[in-house]
Amino acid sequence: MDQNSSFSAGTADIRSANGDALAEVTVIVCASCRDETGSDAHPRAGELLADDTRRAASGEVRVRTVECLGNCKRRLSAAILRDGCWSYVFGDLTAASGADLVTGAKLFATSTDGLIPWRGRPDSLKRGLVARIPPLDLLKD
Ligand code: FES
């Protein structure tokens with residue numbers, strides 16, 4: 001077991017059995033988000049962001065879409081999740097933010113404390129942070 005194998009917060013081992021932390025990370029893109037004009041036209045800007053994210057992921061990072069993340073007022077929205085770690089919601093993205101989301105996902109896979117490291121995080125994932133939600137295990141008394 002290496003030094004990256006557990007949370008500093010004292011929760012469970014964050015590495016999967018095969019040691020592939022990247023397999024624990026998922027990017028969720030809202031495919032329903034509209035562009036700045038608010039147009040209902042398809043493809044929606046969110047669909048374009050999902051396509052851009054899949055391209056950037058090149059099959060290395062799991063990408064899923066949903067119909068709404070409840071963050072519509074912050075424009076294009078996405079979330080990055082990792083098993084047993086904090087969950088992140090981002091807004092104010094663009095249809096070309098896919099590479100940033102994948103960079104954030106890969107960075108998350110290197111995390112040793114359950115958080116996406118701040119250093120190296122793309123600016124869009126700093127400025128666009130809407131919320132981070134802890135895993136339930138972290139809240140056990
Ligand atoms: S439509 Fe994208 S967050 Fe609601």
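**View 1. Arg 55 on helix H1.** With a relative accessibility of 59%, Arg 55 counts as exposed, and this residue belongs to helix H1. In this predicted model, the C-alpha atom of Arg 55 is separated by 8.4 Å from that of Ala 99, although the two residues are 44 residues apart along the chain.

**View 2. The buried side of helix H1.** Helix H1 is made of 13 residues, and the distance from its first C-alpha to its last is 18 Å, close to the 18 Å expected at 1.5 Å a residue. The buried residues in H1 are Ala 45, Gly 46, Leu 49, Ala 50, Asp 52, Thr 53 and Ala 57. Because these residues cover an arc of only 165° around the axis, they are on the same side of H1. The partners against which the buried residues of H1 pack are the strands S1, S2, S3 and S4 (87–93), together with helix H2 (98–109).

View 3. His 42 and Pro 43 are joined by a cis peptide bond, with omega at about 0°. Pro 43 is placed in the loop between strand S1 (25–30) and helix H1 (45–57). Such a bond deserves a close look because most peptide bonds are trans.

**View 4. Ser 58 after helix H1.** The residue that follows H1 is Ser 58, and its phi is positive, near 45°, although Ser 58 is not a glycine. Ser 58 is part of the loop between H1 and strand S2 (62–66), and with a relative accessibility of 57% this serine counts as exposed.

View 5. For the protein, the mean pLDDT is 88, and 87% of its residues reach 70 or more. Over residues 1–19, however, pLDDT stays under 50, and for this stretch the model has 30 contacts beyond four places in sequence.

Conventions. Residues are numbered from 1 along each chain as its sequence is written. This is a predicted model: local features need pLDDT of at least 70, side-chain atom pairs count only at pLDDT 80 or more; totals for chains, interfaces and linings use all residues. Side-chain values use heavy atoms; hydrogens and water are left out. Helices (H or I, at least four residues) and strands (E, at least two) are DSSP runs, numbered from the N terminus. Buried means under 20% relative accessible area, exposed over 50%, partly exposed in between (1.4 Å probe, protein chains only). pLDDT is the predictor's confidence in each residue, from 0 to 100. Contact means heavy atoms within 4.5 Å. The expected span of a helix is 1.5 Å times one less than its number of residues. The arc is that of the directions from the helix axis to the C-beta atoms.
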